[in-house]
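Student: Please take a close look at one part of this model with me. I would like to hear about its pockets.

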Amino acid sequence: ARECWTGAALHLGALHLGGSLARVCCPGRRSLTMRSLTFALAPQLRCGAPLGRGPAQLAARGHAHMSLHGPGGRGRLLLALALASAALLGPLPHASSEAQAFASPGMAVLREFDRAIEDIFKRNTPSVVYISTFTQRASPLDLNAYIEIPQGTGSGFAWDSDGHVVTNWHVIRNAQEAKVTVTSEGGKRLIYDARIVGANPDKDVAVLQLLPPPGHGLKGVRTVPVAVGTSSDLHVGQIVFAIGNPYGLDHTLTMGIVSGLNREMISPSGRPISNVIQTDAAINPGNSGGVLLDIDGRVIAMNTAIYSSTGTNTGIGFAIPVDTLRAQVSSIIEKGSASRAVLGISVLDGPQLRALGVSRGVLVLKVPAGSEADKAGLRGSSRGGGNDGVSLGDVIVQCDGNAVDSENDLFRVLDSHVPGDVVKVTVARGLSSALLAPSAAIGSDSGDLSGGQPSQLERAELRVKLSAIEIPIRAGVAGSK
């Protein structure tokens, strides 16, 4: 046994662990550090203990953590680190057979982990696809002919068995043609033309339909769908895997953790996307539209963007959660378009509103007659009031109890609802351009919405039933509907 401890200690020195421990995962426990893995192995690593226990058996034993506190805690920590090092690298060549047998349970755990990753990759390879997009230009040799110009590449994944592929909107935006490469379960690569079924630029989501090759009649393309998980119970530190096609390198697997939750990013349409997942799994150009998987191989998000000053991976990637995707994709497949909940009004925000002296809130410009907003009592702006002929409408300052300082704040609240929901809208009412001096600052203080004119303003709370708006497709992919 002393020989094993000596060898493990030498391994520790070679690893230069410092305080940074390698991450190891076991089924049944989402995330383990090398230290906690060692604690899990501790009950087995004694003379006469049965060898070859896998992660499932360890999980069943509750991992049997050893205490680092109290008498002998420091010694147990050193022992744990030594055992973890020995488990990872194995005994030294001169170690006795007893020492080698002593370290084998740790290697068995790592082999199980290795096989689990391999299985996740194999199961998802037929579902993750390679997307190439093209534009068409007039041939310089023949004015009546067009040539295809490659536009870009990206990733996607099969949502169902009927040939529907989910990807990012920005992957296919402005494309006139798309080709999708699918790797069959037998390893054969098949290339299909695709048409766009529908898209939602506000969520950076698009759905493609694979088209059967000419001569195959009406028989559709069959695909191997991903296993769809949930993003509602994710936590920071959870191990994840990304599969995609960075730089055209098909089916590249990377591994990392969930590094952050509830992030926000701006969609191609300029609207915010909330509840975005942050990960340090390597994501690079070409990974967009690929899958982010949990340790059970289920899709929990779609890789979408990176934070980088160079355009390459810096360890900060962002993925749209699958719970957001699910509603969008289902609507697109069923109706051919996505929809979102709206108040049904037109508004003014940004510098133009600030120029009027309103420092926060969203000004209602127009309320269509007979709309749900009109029925609820929202008032729009109009001409004919005040000395300058302009009467300002309601200024929305809260929605469902959430402060509305800008249009994006209003979008965030509405994105959490579906058409038909009823929201409570709080407005400042009675503003007119004649009341607003250039130095006025309406709402500069959260308790003062009047800019020094409290007697001429009123605060109203209205209940508005949300309407639905269909999001149009702005893609040029052949065959879109």
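**Pockets and their linings**

Tutor: Start with the second largest pocket: β13 gives the largest share of its lining, 3 residues. Keep in mind that this is a predicted model. The space in the second largest pocket comes to about 380 Å³. Its lining is made of 21 residues. Nearest its centre lie His-170, Ser-288, Thr-304, Ala-305 and Ile-306. Several elements supply two or more residues to this lining: β4 (146-158), α6 (169-172), β10 (252-266) and β13 (299-306). Now sort the lining by class. The second largest pocket has 10 nonpolar and 10 polar residues, with 1 charged residue.

Next, turn to the largest pocket. Its volume is about 550 Å³. The lining counts 22 residues, and those closest to the centre are Lys-203, Ala-327, Gln-328, Asp-415 and His-417. Which elements each supply at least two residues here? They are the strands β11 (272-279) and β15 (338-342), along with the helices α7 (322-335) and α10 (407-415). Of the contributors, α7 gives the most, with 6 residues. By class, this lining holds 5 nonpolar, 9 polar and 8 charged residues.

The top contributor is the helix α7 in the largest pocket, but the strand β13 in the second largest pocket.

Definitions and conventions: Residues are numbered from 1 along each chain as its sequence is written. This is a predicted model: local features need pLDDT of at least 70, side-chain atom pairs count only at pLDDT 80 or more; totals for chains, interfaces and linings use all residues. Side-chain values use heavy atoms; hydrogens and water are left out. On a 1 Å grid over the protein atoms alone, a cavity is a set of points where a 1.4 Å probe fits but cannot get out, and a pocket is an open set with protein on both sides within 12 Å along at least five of seven lines; lining residues have an atom within 4 Å of a point. Grid points are joined across faces, edges and corners, and a volume is the space filled by probe spheres set on the points. Helices (H or I, at least four residues) and strands (E, at least two) are DSSP runs, numbered from the N terminus. Ala, Val, Leu, Ile, Met, Phe, Trp, Tyr, Cys and Pro count as nonpolar, Asp, Glu, Lys and Arg as charged, and the others, Gly among them, as polar.
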